Amino acid sequence: MRGRLALVRKTIMLKISKLTKRYGSGDPVLKELDLTVEGDQLTSVIGSSGAGKSTLLRCINRLVEPTSGSIDLNGTEFTTLNRRDLRAARRRIGMVFQGFNLIDRLTVMENVQSGRLGYISTWAALTRRYPRDDIRHAYELMERVGIAHYANKRADELSGGERQRVGVVRALMQRPEILLADEPTASLDPKTSEQIMSLLRDLASELKLPVIINIHNVTEAKEYSDRIVGMRYGRIIFDDLPAKLTTAEMDEIYAGVPAMDRAAVGAAAGAEA
Amino acid sequence: MMSTQPLQNTLDHWSRFTLRQRMMRYGGLALTLLLVGWALGSIDVIWEWVWDSPRQMGDLFGRMMPPDPSNLPSILEAIWQTVNIATLATMIAVVVSLPVAYISAQNTTPNRVALWIGRFILVSSRSVNTIIWALLFVAIFGPGIVAGIVAIMFRSIGFLGKLLGEAIEEIDHKPVEALEACGASRFKIVLYAIVPQVMPAFFAVAILRWDINLRESTVLGLVGAGGIGMILQGAIDTFNWPEVSMVLLTILALVVFGEVVSSYLRKKIL
């Protein structure tokens with residue numbers, strides 16, 4: 001039945017509905033948020049710090065536990081999974097981080113293969129005897145992003161841009177159905193940052209992979225995305241093509257806390273801290 | 001404000017402390033002096049013996065000179081035994097302390113019960129001195145090297161476990177988060193994200209403890225738990241002062257040797 005559902009929804013990949021996240025007893029960080037991402041779209045989520053972008057992304061794979069609402073990836077409802085099933089389901093979602101989140105003292109190959117930890121046996125993980133398919137796949141991906149010659153280097157010997165490529169390859173090693181990127185370029189210089197953005201865009205279309213990127217740099221967001229989602233104080237207030245993002249819309253997104261929510265801000269800020 | 005601190009911070013006057021703070025500091029100093037005086041008064045010092053001590057020291061030194069190397073072969077054998085006690089005990093303690101460190105670190109402990117069990121093990125191991133552990137195990141295993149090894153091991157578990165646990169608590173959480181997002185199991189996260197991060201601390205702590213254990217195992221023999229201390233005790237009991245000084249010199253050489261080896265290993269590994 002699940003298979004048929006997936007067939008019917010072939011193009012619809014991720015469907016978030018009425019997602020709410022509340023830390024403690026404060027005002028929610030996400031407020032009954034709806035978002036659907038499909039196909040090989042690259043979607044950029046913009047908004048000021050504290051708008052809830054990071055929380056939104058982390059709720060999708062439940063690194064942050066949602067308070068209520070539904071997250072459906074190709075027919076799997078994520079919010080009700082038990083721990084074991086959640087682990088299996090997380091393998092289908094790749095994630096890239098602002099701080100790269102690599103294991104510094106391990107080699108690039110070990111870092112890349114750590115994306116397969118959900119699949120391989122504990123013994124294989126311990127002895128670093130990775131399956132041949134995984135090694136081949138790793139070399140292909142590393143070749144694609146230009147880091148294959150670093151396979152035996154320690155991750156902390158690489159530059160920022162190279163480290164983020166390792167992060168991207170690690171996520172792609174999962175053969176994910178969707179890729180989440182939490183400010184993947186915020187720790188990089190402008191030029192490297194553009195390289196990573198165009199890499200993510202190209203990978204999205206090559207691998208038919210929907211990508212959701214949290215990003216602060218609106219110029220980059222407009223240049224590289226198929227769609228822009230503007231968040232403000234836990235709600236989506238803009239969702240359209242990059243060309244439709246006017247200065248007026250921008251001002252609205254970055255205007256700070258909307259008047260209707262202003263009273264609750266103090267409480268929410270306290271809870272988030 | 002101005003009324004409570006007159007003249008304190010006017011334009012031509014500045015002082016680090018307010019009058020109240022200054023009084024508190026003088027009070028603290030007076031209290032400390034009082035405590036020291038009280039402590040000195042309450043212990044029973046026989047002052048004649050204290051004044052006599054330099055002469056006694058010279059006398060003892062005279063009797064120790066020159067060191068007597070006639071018993072050197074058995075001294076060296078005992079020193080070798082001492083090194084073995086320290087090394088074996090450190091190795092076993094390192095293995096045993098790993099799970100203890102894991103359950104007593106805030107960020108890896110499976111639950112609160114395990115955390116408290118881990119902490120109890122650490123505290124009980126650390127609060128009992130090696131010599132007392134040795135007395136205990138000599139009673140259990142009988143005199144000899146086994147009691148020494150177990151005693152050193154029991155004392156080391158607390159030390160290693162505590163420092164390793166702290167190293168685990170100080171790791172960067174980001175790689176852990178990344179591997180959670182990959183769907184890795186708890187054990188594989190430990191293997192890939194935690195173990196590599198605590199590896200340097202692990203070696204540093206193990207080497208440091210080996211160095212300490214080397215020195216601690218020299219006194220184990222005083223309570224019958226094997227090693228060079230046995231010979232030392234025997235020599236003191238028979239007033240064989242030249243041999244005592246020979247044993248002390250050998251111990252000094254051993255400590256220097258331990259220092260050299262551990263600093264070499266530290267440089268090599270870290």
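What percentage of the 273 residues in chain A do buried residues make up? Buried residues account for 41% of them, where buried is 20 or more other C-beta atoms, placed from the backbone, within 10 Å of a residue's own.

A quick note first: this is a predicted model, with local features needing pLDDT of at least 70, side-chain atom pairs counting only at pLDDT 80 or more, and totals for chains, interfaces and linings using all residues. Residues are numbered from 1 along each chain as its sequence is written, while chains are lettered from A and ligands numbered from 1 in the order in which they are written.

Chain A has eleven helices and ten strands, taken as DSSP runs (helices H or I, at least four residues; strands E, at least two) numbered from the N terminus.

Now for where the chains meet. On chain B, 19 residues are in contact with 22 residues of chain A; contact is C-beta atoms, placed from the backbone, within 7 Å. Helix H7 (174–181) and helix H8 (186–216) of chain B each bring at least two residues to that side, and H8(B) gives the most, with eight residues.

H8(B) also meets helix H3 (residues 72–104) of chain B: their axes, lines fitted to C-alpha atoms over the stretch in contact, come within 9 Å and cross at roughly 145°, an angle between N-to-C directions on a scale from 0 to 180 degrees. Val83(B) and Ala86(B) are among the H3(B) residues there, and Trp210(B) is one of those in H8(B).

Here is how the residues divide in each place:

Definitions and conventions:
Contact = placed C-beta atoms within 7 Å. Buried ≥ 20, exposed ≤ 12 C-beta atoms within 10 Å, placed from the backbone.
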